[in-house]
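Subject: Structure handover

Hello,

Here is the structure I said I would pass on. My notes on it follow below the entry.

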Amino acid sequence: MSEQLTLTAETRDRAGKGASRELRNSGRVPAVVYGANQEPLSIHVEEKLLAKMLSTGHFMNSVVMIDAGGKTTRTLPKDVQFHPVTSRPVHVDFLRIGEHSKVTVAVPVRFVDEEESPGIKRGAVLNIVKHDVELSVDAAEIPDDIEISLKGLDVGDSIHISAVTLPKGATPTITDRDFTIATIVAPSALKSDEGDTTVDGGEGEATAE
């Protein structure tokens, strides 16, 4: 399960580009907390601490407790804007959520058991179609990642969302199709050696024999 983070913040009264520039020059990042039928709350956070959280790779699917003005608010990061040249964070949007709210998050996929994939053993390549999957999940049960086993997969096999074990209570937001997450693809050398049998099947297989 994704860890819960705490981010200390200060409220800000001034808005506009000038005020935001001053904050950034002092090592702070402007942000806003919105949602839950409440007025948006303008805040600013320490850039170094924010950058540290961003570096974990799980910031966007972690619950972040915003501690501002003596009040703690449960939030989910929804957007981080970065400077186009320096890549420093320049603004963050946080969405207020309840402890067990249903939230939508993009959860990264993680592949395991490569050594048990016959296709990869023969030199095939794992072609990742989706590096993350958007899930609807309880805010208290957000996973760090989705583990997908490659055990037994051969050249030409595909991994669809229906074959993936998702965390309890989690459902994909795409429901109109059984979308592909990854495929096991033969490199050109392997195709040539086998007369394209593993990809084309049928006629190619008869030719090889």
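In these notes a contact means heavy atoms within 4.5 Å, and buried means under 20% relative accessible area, with exposed over 50% and partly exposed in between (1.4 Å probe, protein chains only). Helices (H or I, at least four residues) and strands (E, at least two) are DSSP runs, numbered from the N terminus. The model is predicted, so local features need pLDDT of at least 70 and side-chain atom pairs count only at pLDDT 80 or more, while totals for chains, interfaces and linings use all residues. Residues are numbered from 1 along each chain as its sequence is written, and side-chain values use heavy atoms, with hydrogens and water left out.

Overall

The protein chain holds six helices and 13 strands. Of its 209 residues, 38% are buried. Among contacts with a separation of 6 or more, 65% are between residues 24 or more positions apart. The accessible surface of the chain is about 11,800 Å², and carbon and sulfur atoms account for 47% of that; the areas come from the Shrake-Rupley method with a 1.4 Å probe, and for residues only the protein chains shown count as cover.

Helix H1 spans residues 17–25, and its buried residues are Ala 19, Ser 20 and Leu 23. These lie on the same side of H1 because they cover an arc of only 100° around the axis, the arc being that of the directions from the helix axis to the C-beta atoms. Lys 17 and Asn 25, on the other side of H1, are exposed. The buried residues of H1 pack against strand S2 (28–35) and strand S3 (38–46). After H1 comes Gly 27, which has a positive phi, near 85°.

Six strands form a closed barrel in the order S1-S3-S2-S6-S5-S4, and the pairing is mixed; two strands pair if DSSP finds at least two bridges between them. On average, neighbouring strands of this sheet are turned by 45° against each other, direction ignored. Axes are lines fitted to C-alpha atoms, for helices over the stretch in contact, and angles run from 0 to 180 degrees between N-to-C directions. S2 and S3 are antiparallel and share seven bridges. H1 packs on the sheet and touches S2, S3 and strand S6 (89–96), with its direction at about 125° to that of S2. Helix H2 (residues 47–54) also packs on the sheet. H2 touches strand S1 (5–11), S2, S3, strand S5 (71–82) and S6, and its direction makes about 95° with that of S3.

Nonpolar cores

A nonpolar core is a set of buried Ala, Val, Leu, Ile, Met, Phe, Trp, Tyr and Cys residues joined through side-chain atoms within 4.5 Å. The largest one has 31 residues, and Ile 146 and Ile 181 have the most contacts inside it. At least two residues of this core come from each of strand S7 (102–112), strand S9 (132–138), strand S10 (146–149) and strand S13 (180–185). S7 gives the largest share, five residues. Another core, of 17 residues, lies apart from this one and includes Leu 5, Val 29, Ile 43 and Ala 68.

The open sheet

Three strands make an open sheet in the order S8-S13-S11, with antiparallel pairing. Strand S8 (125–128) and strand S11 (158–160) are the edge strands, each pairing on one side only. Neighbouring strands here are turned by 15° against each other on average, direction ignored. S8 and S13 pair over four bridges, and Ile 128 has Ala 182 in S13 as its bridge partner.

Regards
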